[in-house]
Amino acid sequence: MGARFERSLAAGAPGLSALIAEIEAWLDAAGVPPAQAARMMIVFDEVLSNISKHGGGTLSVAIAIADRRLTATVVDDGPPFDPLARETPDTDLDIDDRAIGGLGIHLVRQLMDDVAYARVDDRNRLIFSKTF
Amino acid sequence: MDISENSRDGALVISAAGRIDSTTAGELEAVLPARVREHGAVVVDLSGVPYVSSAGLRVLLIGAKGAKAAGHRLVITGVAPAVHEVFDISGFSKIFTIEPDVDAAIASLG
């Protein structure tokens, strides 16, 4: 049996914290083990906060879980923004040389099995999935 | 997120509880950089933290840089599995001193 979550939010609106809490509660109710849900929540925070910073207009989140696989689709109608086009940070540098920031999309790539970006109908669409 | 502070055996222990993400990291940023400047030894206890996103990593890195610049010590403890994985992915496991619990952290500072 599958479970599905769908919400929309005005990007940049102060509703991000509530949306994050709502997704967390939904993953728990959908039976995702806490340690796995924690990894997924990191990814949702990276993706949604990125859009709030770079986007405009409205963002929508759809999450489906079936056969222990989570697939999330995040769409926003802000300006074109491909988060996957960012350079991977050098995580071998020592403390003095590490830049503050730039790690978000690196975490998304590493914590998910698949991540794909497309610009479709004047919207940014990011799809990511993870078997847990 | 809840943040509490207490002094123990000459170290300042900052305990955080709750997620450290884009919506809460500012609360830690309001405390940590100042404390690592003021105190020679700071322990950040993350045992009540289920996960840390890049916004939280950013604040921890600011703290580590601040401590190093002041010649002070910063030790992190109570790292949950998802937090440990993020530390590994981001290379933070190599640049932070991480101890299993507050007792071990205090001992390492002794």
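## Close-up views of a predicted two-chain model

View 1. The largest share of the side of chain B that touches chain A, eight residues, is supplied by helix 3 of chain B, helices (H or I, at least four residues) and strands (E, at least two) being DSSP runs numbered from the N terminus. This is a predicted model, in which local features need pLDDT of at least 70 and side-chain atom pairs count only at pLDDT 80 or more, while totals for chains, interfaces and linings use all residues. Residues are numbered from 1 along each chain as its sequence is written, chains are lettered from A and ligands numbered from 1 in the order in which they are written, and side-chain values use heavy atoms, with hydrogens and water left out. Four salt bridges cross this interface, a salt bridge being a side-chain nitrogen of Lys or Arg within 4 Å of a carboxyl oxygen of Asp or Glu. In one salt bridge, the side chains of Lys94(B) and Asp92(A) meet at 2.4 Å, N to O.

**View 2. The extent of the interface.** In this view, 26 residues of chain B are in contact with 28 residues of chain A, contact meaning heavy atoms within 4.5 Å. The area buried between the two chains is about 2300 Å², of which carbon and sulfur atoms give 63%; buried area is the accessible area (1.4 Å probe) that two parts lose on being put together, summed over both. In chain B, Tyr51(B), Lys65(B) and Ile89(B) lose the most area to chain A, together 24% of what that side buries.

View 3. Leu111(A) sits in helix 3 (residues 104-111) of chain A and is buried, with a relative accessible area of 2%, where buried means under 20% relative accessible area, exposed over 50%, and partly exposed in between (1.4 Å probe, protein chains only). Not counting residues up to four places away in sequence, Leu111(A) touches residues of both chains, among them Ile42(A), Lys130(A), Val86(B) and Ile89(B).

**View 4. The salt bridge of Asp113(A) and Lys130(A).** The side chains of Asp113(A) and Lys130(A) meet in a salt bridge at 3.8 Å, N to O. Asp113(A) lies in the loop between helix 3 and strand 4 (114-120) of chain A and Lys130(A) in strand 5 (residues 123-131), so the pair ties together parts that are 17 residues apart in sequence. Asp113(A) is partly exposed at 40% relative accessibility, whereas Lys130(A) is buried at 18%.

**View 5. Ser49(A) in helix 2 of chain A.** Ser49(A) is buried, with a relative accessible area of 9%, and a polar atom of its side chain lies 2.7 Å from the backbone oxygen of Asp45(A). Leaving aside neighbours within four places in sequence, Ser49(A) is in contact with Leu16(A), Phe44(A) and Ser22(B).

Methods. A polar contact is a pair of N or O atoms within 3.5 Å; within protein, one must be able to donate a hydrogen and the other to accept it, and residues adjacent in sequence count only if both atoms are side-chain atoms.
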